Amino acid sequence: MPPQKDIVKIAIQMPGAYPQLIELDQKKPLSAVIKEVCDGWNLPGPDNYALQYTDGVQTYITESNRLDIKNGSILRLTKA
């Protein structure tokens with residue numbers, strides 16, 4: 001079965017924690033994705049966090065640019 005185009009496999013890092021490898025569903029709201037990541041690290045207040053690229057310009061991930069995320073991307077969970 002071919003991979004779904006709406007699912008990308010990525011890693012999410014946070015200082016002091018083991019990276020999480022997740023399948024990012026591009027159809028799911030970004031706030032729900034951040035909540036799941038925060039839950040995985042037992043972090044309260046997922047509204048206080050954002051995702052950003054770890055390399056290059058380190059752009060923040062928003063609903064408008066999230067479709068640019070490719071398989072194998074490494075993102076960082078950071079305070080918003």
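This briefing covers the strands, the helix and selected residues of the structure above. The model is predicted. Strand S1 (residues 7–13) pairs with S2 in the antiparallel sense and runs parallel to S4. Helix H1 (residues 30–40) has a set of buried residues, and what covers them includes S1, S2, S3 and S4.

**Strand pairing**

- S1 and S2 are joined by six bridges, in the antiparallel sense.
- Val 8 stands opposite Leu 24 in S2.
- Ile 12 has Gln 20 as its bridge partner in S2.
- S1 and S4 run parallel, and three bridges join them.
- On that side, Ile 12 has Leu 75 of S4 as its bridge partner.
- The hairpin of S1 and S2 has six residues between the strands. In this hairpin, Gly 16 takes a positive phi near 80 degrees.

- S2 spans residues 20–25.
- Its covered face holds Gln 20, Ile 22 and Leu 24.
- Its uncovered face holds Leu 21, Glu 23 and Asp 25.

**The buried side of H1**

- Leu 30, Val 33, Ile 34, Val 37 and Cys 38 are buried in H1. They lie on the same side of the helix, because they cover an arc of only 135 degrees around the axis.
- Strands S1, S2, S3 and S4 are among the elements that cover these residues.
- Leu 77 touches Ile 34, Val 37 and Cys 38, among others. Arg 66 has Leu 30 and Val 33 among its contacts.

**Leu 77, a buried strand residue**

- Leu 77 lies in strand S4 (residues 74–79).
- Its relative accessible area is 3%, so Leu 77 counts as buried. The cut-off for buried is under 20%.
- Beyond its sequence neighbours, Leu 77 touches residues including Ile 12, Gln 13, Met 14, Trp 41, Leu 43, Tyr 49, Ala 50 and Leu 51.
- Ala 50 is 27 residues away from Leu 77 in sequence. In space, the two are 5.8 Å apart, C-alpha to C-alpha.

**Arg 66, a buried loop residue**

- Arg 66 lies in the loop between strand S3 (49–53) and S4.
- Arg 66 counts as buried because its relative accessibility is 3%.
- The side chain of Arg 66 reaches the backbone oxygen of Lys 28 at 2.7 Å.
- Arg 66 also touches Leu 24, Asp 25, Gln 26, Pro 29 and Ile 61, among others.

- Asn 42 follows H1 and sits in the loop between H1 and S3.
- Asn 42 is not a glycine, yet its phi is positive, at about 55 degrees.
- Asn 42 is exposed, because its relative accessible area is 68% and the cut-off for exposed is over 50%.
- Gln 58 is found in the loop between S3 and S4.
- Gln 58 is another residue other than glycine with a positive phi, near 60 degrees.
- With 35% relative accessibility, Gln 58 counts as partly exposed.

Definitions and conventions: Residues are numbered from 1 along each chain as its sequence is written. This is a predicted model: local features need pLDDT of at least 70, side-chain atom pairs count only at pLDDT 80 or more; totals for chains, interfaces and linings use all residues. Side-chain values use heavy atoms; hydrogens and water are left out. Helices (H or I, at least four residues) and strands (E, at least two) are DSSP runs, numbered from the N terminus. Buried means under 20% relative accessible area, exposed over 50%, partly exposed in between (1.4 Å probe, protein chains only). Contact means heavy atoms within 4.5 Å. A polar contact is a pair of N or O atoms within 3.5 Å; within protein, one must be able to donate a hydrogen and the other to accept it, and residues adjacent in sequence count only if both atoms are side-chain atoms. Two strands pair if DSSP finds at least two bridges between them. The arc is that of the directions from the helix axis to the C-beta atoms. Lists of a residue's contacts leave out its neighbours within four places in sequence.
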